[in-house]
Amino acid sequence: PGAVEEPRTTPPTRASDFQVGETYTHLFELRGMVDGERVVFTVYFAGSASNPDAGLPSASVPPVDVAILTVPGWRNVSGYPEKFIERLKPQHIVLAHFDNFFDTSYESPEVVPTADLEGFLLQARQAATYPEFQQIWVPDVNARMRFTKD
């Protein structure tokens, strides 16, 4: 428990070294021109599994193009990820933070035990039943993903 009040001077060595603090979700609108037309590309980012009442934008926000959803802890939060997927209706879902970020070998990621990646994928697939849905991405180390506006 607690919040980070000032920058750390040493890197954390175990999970209990991290302060819980506040968790934020972000909604990005990326604007540009494609073939002479204005395009808005939206990305939703959940920094941690959170309660739908606290982490979802209002119903007036249209569906997003990409939702980046953090995996660990999802079993501890009712309605995550399914309520987020049902509300946001992302075309693409990118899974995040499921790997051991202390591993610096830059090889395939080691999935952290608290992630239950397979269970999360099952929940996400069951929630993504709308026609706009395209893909769930489980990125590898140094992965590059390209998304287009449909």
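**Reading strands and a buried proline**

Me: Which residue in β2 does phenylalanine 28 stand opposite?

Reply: Phenylalanine 28 stands opposite valine 43 in β2. Keep in mind that this is a predicted model.

Me: Thanks! In what sense do β1 and β2 pair, and over how many bridges?

Reply: Strand β1 covers residues 25-34 and strand β2 covers residues 37-46; they pair in the antiparallel sense, over 10 bridges. Another pair of facing residues to look up is glycine 32, which sits opposite valine 39 in β2.

Me: How should I picture the side chains along a strand?

Reply: In a regular strand the side chains alternate between the two faces of the sheet.

Me: How many residues lie between the strands in the hairpin of β1 and β2?

Reply: There are two residues between the strands, and in this hairpin aspartate 35 takes a positive phi near 50°.

Me: In what sense do β2 and β3 pair?

Reply: β2 and strand β3, residues 66-70, pair in the parallel sense over four bridges. To find a spot on that pairing, look at phenylalanine 45, which stands opposite isoleucine 68 in β3.

Me: Now for proline 81: where is it found?

Reply: Proline 81 is in the loop between β3 and α2, the latter being 82-88.

Me: Is proline 81 buried or exposed?

Reply: A residue counts as buried when its relative accessible area is under 20%. Proline 81 has 0% relative accessibility, so it counts as buried.

Me: Which residues does proline 81 touch, leaving aside those up to four places away in sequence?

Reply: Proline 81 touches Leu69, Trp74, Phe120, Gln123 and Ala124.

How values were computed. Residues are numbered from 1 along each chain as its sequence is written. This is a predicted model: local features need pLDDT of at least 70, side-chain atom pairs count only at pLDDT 80 or more; totals for chains, interfaces and linings use all residues. Side-chain values use heavy atoms; hydrogens and water are left out. Two strands pair if DSSP finds at least two bridges between them. Buried means under 20% relative accessible area, exposed over 50%, partly exposed in between (1.4 Å probe, protein chains only). Contact means heavy atoms within 4.5 Å.
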